[in-house]
Structure formats: C-alpha cells, structure tokens
Amino acid sequence: MLLNHICTFLVVFTVFFKVSCSTSEFSLDGDYLLGGLFPVHEVVQTTSRFSPEATECKRHTFTKSGYFMFQVMRYAVEEINNSTTLLPNVSLGYDIFDHCSDTKNFPSVLHFMSQNGSIKPREKLNSHQSKVIALTGPYGSSRTITVAQVLTMDLIPMVNYGASSYELSNKLKYPTLIRTVASSNVLIQMIIRIIQWFGWNWVAFLGGPDNYSEDGLKLFYKYTENTSICLAYQDTIRIGGNYNQTLKNINSKNINVIVVYAVAMYVENFIRAAIANNIQGKVWIAGQGWSMHQQLPKEPGIEKIGTVIGINDRTMSLPGFDKFIYKAKATPNNGNVKNEVQSKICNQECKEGALLTAEQIINEDPSYAFGVYSSIHSIARALHKVLQCKINQCSKNITVKPYMLLREIKNLDFPLNGREVKYDLNGDSPVSYAVVLWHTKTKPPRIEMVGTFDTYPETYFTINNSLMPWDNNTVPFSNCSVECEDGYSREREGFNDCCFQCIKCPQNTYVDYSRNPYTCYPCAESEWSDEGSTTCKRRSVVYLQFTEISSILVIFSTVCLITLLIFIFCLFAYNYNTPVVRSAGGNMCFLMLGCLVMSSISVFFFFGQPTSVHCILRNFMFSFFFTICLSCLTVRSFQIVCVFKMAAGFPILHSLWVKHNGQWLFIVFSTSVHFISCVLWATVSPDHPVKDLLTFHDQIMLICERKNTVTMSIVLFISWFLGFLCISFSYMGRDLPKSYNEAKIITFSLLLYYLSWITYYTIYLTFKSKYVLLLNAFAQISSIYGILFSYFVPKSYIMLFQPKKNTAAYFQTTIQNYTQTISRS
C-alpha cells in the first residue's frame, strides 16, 4: 500500500507541476500510444539536492542531436500512419519526453506506466493497461540501465536506439529491452579490428564517467588479452577535468593512437584542450557517441591534432525525412495545443528547437537516426501481428498488452531501407557499421566512409587503405617497440608485452611468432636452421651409398683385387712344388692369400646405411685376417734370416725352431692373442651406428661410433708391432741371395701399410665427412695391394713369364754365389 501511495504521489506531483508546453511536437493522439525518451536537453553538471525535486530539463543545455532524434521518431510515426500496408485503419500516437538526467527523470517513466493517473505495481498484467504499449529510448547506457528495470515490472517493451552497454544483453536482468544499436561487445571488437588492421599495439583508452565507457573499457581489456595490443594508458575524461595532465601523460608514453570511447558531451572540451595544447600527429579513434559530430570538425586548428577515425551506423539517410522537416517548420506550432493544466508532464518545453532552421536539423549528427527509425518500425510491425492485420484493416477487438508486443518484437525479421532488422536471443540486432574518416583540412570539413563492418549474414571487415590521408601510405607508428625482424625473438622489457628487445635466434633454433614470439624454439633432431630463422629445414641423411661414383670406384678396385688374389691363389696351387712357391713360404702362401681375400671382403661393409653388423665387420674382418697375414710375413722374414744367418751362430735354436715348427707356433700364438683382443673389441665396447648431429648442422651423418679406444688400441698395437718386427727382420736379411731377398719388397709393402693408415688417422682426427670412411676403405685396399704387388705379383711373374728361374738349379746357383761372396768378404 505504501508503494502505491508513493507512486500515485509522484504522478500527481508531475501532473500539477506548472510548465509552459508546446505539445504539438511532444504528443500526438492515436489508437495506441508509444513512448519516447530523448535528450533534448543535457544535464552537464549535477548538484547535490537536500530535498526531493524534479529536474527541469529546459534549464539545462540544449542538444541539437537529441532534438534531431526526437524528430526522427515523429517522422517514423507519421510515415506509418500514412502507410496503407502497415497498420491499416490504425493510428499511432506518442508521448515524447525530454530525458536529460540519469536519475532525476522518473516522472516521464512513471507516466508511461500509469493508468488513469495512478500506478498499481502489484496488479496482474492482464488487468493492468499502461498508458503506452511500448517505448523507445532513452539515449545512453546509464539512463537506460536506470529506467529499464523499472519498466520491467509491467513488461513494457523498450526498443532502445542509443544504449550500447554489454550488460543490457543480459535478459535475466533486462527481459524487456530490445535494441537497434550495436552493443559495446561489437563496437569494441570493431575498434580492435581497426587497431590490428594498421598494426598498432600501443594505445590509450579514454572514457567518460558512465556505464557506457566503463563497459567499453572492461570489454577492451577482455578482447585485447590474447592479442598483441597493449593498453598503455587509461583515463576518465570528465566535464571540467584536468585535460592537460591527461594529454601530458599520453605524450610522455609516446602513444600515438587514442581510443576515445565516450559520448559527445565529455569529448567536446577534451578535443578543444588537445588543440589548445598543440597536440599533433595522433590518431583518434572515435566511438559512435561522437564519430559524426557536426561541430568538432569545424573547430579551428583541429586539422593539426592528427587523424580522426570513427565508427558509425552505415545506414544514416532516411528517405522523406528532409521533406517532413521542411513541412513541420512551415506549419504553425498550434495545431494540437491543449490546456496547460491538461499537459501530460513537465519537461516538454523546447524553445530552442523552435528557433532551429530546417537545414540545421537535417544536417545534424545522424548517428542514431536509423536506430530510432527502426525502433518505431519494429514496434509497429509487432503491433501489426498482434492485431492480426489483413490487407485493408486490423482487428480492433483485440486488447493489446505490452507483453504481447514484446513476444512479437523478438521474432521479427524484415527489411528496412536496405537493412535486415531482426533480433537475437539477447535482443541485439545485426550490425552494419562504417569506418569513417574526418577530412578536417577541406573547406568545409567532410566525413567520408573508408571501411565497413557487418555481422550479417557473416562477419566481414575491411578498410580501403588508399582513402587514408597518410603521406606515401606510411601508417603512423604507435608501438612501444619496433617490430623484430624475421628470425629475432623478443625479450620483454618491464612488465608489458609490447615493450621488448630483439634477440637473434641462434643456429638450430627458430622463432614462431604465431606460437610465442618470446622464445627461440630448438629444431627437431631431424631438422636444422641458420641463425635468425623462422622455420627449420629438413636435414639430409648422409652415408656412403653404393651408387656414388667414388663408392663404385672403390668397389670395382676391391672386386679386381679379390679376383687377382684368387687368380694368384690358383696359380700358386698349380705351381705348388716349384722352387718359387716353396721359397715364398709354401703352405703359408695360401694362408696369406686366403687372409688377404677375407680382408678385402671387409671393404663392402663400408657402403650402405650402417648397421651394427656393418660397424663390427668393416674393421674386425680386416684387422683379424690382415694381422694373420702380417704374422706370416713376420715369420717368413725371420725364417729367411734364421736359415742364412742364425743357423751358423745359433745352431741349437735353429734346430729347435725347425724341429717344433716354430713358424706355425708363432702364427698360432699371435693369431690367438689378436683374436682375443678383437673379440674383446667387438663385445665389450663394439662400434655401433649413431646419428652424428653435431658435425654438420644441415646433415645427419650415419656413422659407427667407437666408444672404447683401449680395446681398439690393443688391436692396432698387435698389428703394428708385427709389422715392425717384419721390417726389422727384413732389414737384417737385406743382403741375402736375390732369389730369397724379400727385404725390399716386404719393407715397401709395410711402409705403404703404415703410410696409408697414418694418412687415414690424420684425416680422421682432423676432418669429419662421410668420405673419411672412403679413406678407411682405401687404406685397407692399399695395405692389401701393397702386399699383393710387392710379395706375390713378382713371384707370379716368374712363374708365368720367366719359368727358367723357377728351377732348383737356378736357386742352387744363387745360393752358391751368395756363399762365395760371403767367404771372400
């Protein structure tokens, strides 16, 4: 009961508040009344009150843009009333109120909700009939938030044209609110797209002290969180605030892009302060609240502050509106005047509007024109459906309740002036916005569309860069740091991601800007990169292949070697009982030739992709069998010296050597020791295939790694020691008979053996390449060829081409000559 009395008092209070009104513009009778709230006046500065007092809007600042929107509603209602297809035989009326304050303009809202001058909030919706069936407005998010929850009590549809706050999309809190203007959610995303389009990341965000700006700032933080954009500075601009300090702070941080997301009343003096402070070369991104401001582009000196880019509704022209304004201005303002006592409510006096010319109204900021226009058409279309209108008439027997219209408005989908008017589940409509550019250097200044943003039927955004006013198409710089060159990672300076140093990524690393521009990622094992890379390249896998020319030559040489060895083996077998074969060692020759054949086979394991078997056999076979051959040569050298020189000096030792087959005992002993060392080498720490990733950054070398050098050193020591003994004995027998004198040829073969392996190990320790393996194979072949051509080929030559020297008599003569020479000496 108390709430009922309070509401009744407020309505009666407003009815009897004495004003001087011109109701021909603010009200119109009709079958169904629509409400309208427009900021014809603006309360620029509020003062504290100590007692309840209604605000008299006429005492405050007149706004031409608010009066313009007010006229758009009147035009839309007249257009609908004159239509033969929309609401035939039904007339719309309106009550329009000057809504100039956030919190002190409730009389108009209560008037809309009243029935016969009173409000009964607790009555059922079916039994209560509010004065208006729907309304449009007010302008501004703060005013809308204040009013919307009051109107929710009666479920009166509120089709808003000028409130962008994302909070209003919450249908649990604002179930009756529908809006034709884009929400801050979309507008902020559009601003972010503009910033990203030009590559800026160091920006300031300025807003007013209202819900509209606070909501925009919160969304700006949200949508730039995972982008490269940094909010370098944020401030609130108030009427009478310290603009100089704000501008000084922006300059000190080297910010060249400033987002000003506020309504015009907060922006005007701030832009004038920027001109007075000689601010130059900035980019100003204007929110919809002032992007089409008519006065600011004409301010003296504004061309110096930089480039103004704005966002605004693309559909701004209303066919027939100009004609309506000219007609209204030509008609005396007395056609529908009522008695002053019967005036609907206060705040319906607008002397300034009557002083405006038609041109001044028509040329006013059209930012919200289509929003107002489509709001009225949405209400009319919904009423058309509720009244079940046919071609020529509507059913007037239906009692229209506001909630009926609310249901129909949410389901609307119709074309209007080339735009699709429809609403989603949040009561928001599709966006068709323009990016506009202020040309302040032209006389008169003009505003040009340079880009578009649409969300229906799909999201599309573009800007025509050729229309931008920058010299040589050089976009103004607004970044904390210069962007790193390709292949450089960022190193953060301070706490801000946009401020960094550029560090060149080292070899075998790369930077992926889409992944993380602050890290040089290592390439995969199978990849490589140079310094300063953004991608990794595939490493080539390198090993000695059978098909390479060098490999083919070595293999061919080995095949020839084996063929020659087999041929000599057969030749020696055929001439087994001849002196040449017996003097060369007899059975020992066949052991040597067999070992040389087996040593040659090891060369084939150097080619192809290495495996564990390859790694072991390529050196194991050669080392083992070649060492047997060396032991045979050693014994052979010792035996010749023993026969010719030591027999006389050491007869007992000589008899023991001959009696017990000392040469074979030595061969078996040395072979056994060497075999054990080779087995240890192949089992304890065998060579095994590995990928060499360090030698060449662009290659993966498949090599056999030698882990334990001790066992390998033992194997090499035995071979080289036998070689040393062989050379020593050969030197001792250098003056023996020519037929038995093998010192030179053995020395030559062993010197070639040493030289080949010293060359190989020198290159192996100095260079890294797959062709080092080719030298290894070549060293083996050289060692075998050395023994073959120095020891076996001369004897084979005698058997084939000098058979007369292959006789016992020839050898006996040689020995006699040697004995005589020794005796004379």
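Which residues make the nonpolar surface patch of about 430 Å²? In this predicted model, the patch consists of Phe675, Ile676, Val679, Leu680 and Val684. A patch here is built from residues with over 30% relative accessible area and no salt bridge, where nonpolar side chains (Val, Leu, Ile, Met, Phe, Trp, Tyr) are joined within 5 Å and like charges within 9 Å. The areas come from the Shrake-Rupley method with a 1.4 Å probe, and for residues only the protein chains shown count as cover.

Before I continue, a word on conventions. Because the model is predicted, local features need pLDDT of at least 70 and side-chain atom pairs count only at pLDDT 80 or more, while totals for chains, interfaces and linings use all residues. Residues are numbered from 1 along each chain as its sequence is written, and side-chain values use heavy atoms, with hydrogens and water left out.

Helices (H or I, at least four residues) and strands (E, at least two) are DSSP runs, numbered from the N terminus. Val679 counts as partly exposed, at 31% relative accessibility. The classes are buried, under 20% relative accessible area; exposed, over 50%; and partly exposed, in between, with a 1.4 Å probe and protein chains only.

Eight strands form an open sheet of mixed pairing, in the order 10-9-11-12-13-16-17-18. Strand 10 (230–236) and strand 18 (460–463) are at the edges with a single partner strand each, so one side of each has no neighbour in the sheet. From one strand to the next, the twist averages 25°. Such angles run from 0 to 180 degrees between N-to-C directions, with axes as lines fitted to C-alpha atoms, for helices over the stretch in contact. Two strands pair if DSSP finds at least two bridges between them. Strand 9 (residues 202–207) and strand 11 (residues 257–261) run parallel and are joined by five bridges; Phe205 has Val259 of strand 11 as its bridge partner.

The loops deserve attention next. Where does Pro444 lie? Pro444 is in the loop between strand 16 (432–439) and strand 17 (446–454), and a cis peptide bond with omega of about -5° joins Lys443 to Pro444. Another cis peptide bond, with omega about 5°, joins Tyr456 and Pro457; Pro457 is in the loop between strand 17 and strand 18.

Two asparagines show positive phi. For Asn254, in the loop between helix 8 (243–252) and strand 11, phi is near 55°. Asn254 is exposed, with a relative accessible area of 56%. Asn278, between helix 9 (264–276) and strand 12 (282–286), has phi of about 55° and is partly exposed at 47%.

Finally, the charged pairs. Side chains of opposite charge can pair when their charged atoms come close. How many salt bridges does the structure hold? There are twelve, a salt bridge being a side-chain nitrogen of Lys or Arg within 4 Å of a carboxyl oxygen of Asp or Glu. Among them is the pair Glu483 and Arg490, whose closest N and O atoms are 2.6 Å apart. Here Arg490 is buried, with a relative accessible area of 13%, whereas Glu483 is partly exposed at 41%. Lys173 pairs with Glu167 at 2.8 Å between the closest N and O atoms; Lys173 is partly exposed at 36%, and Glu167 is partly exposed at 29%.
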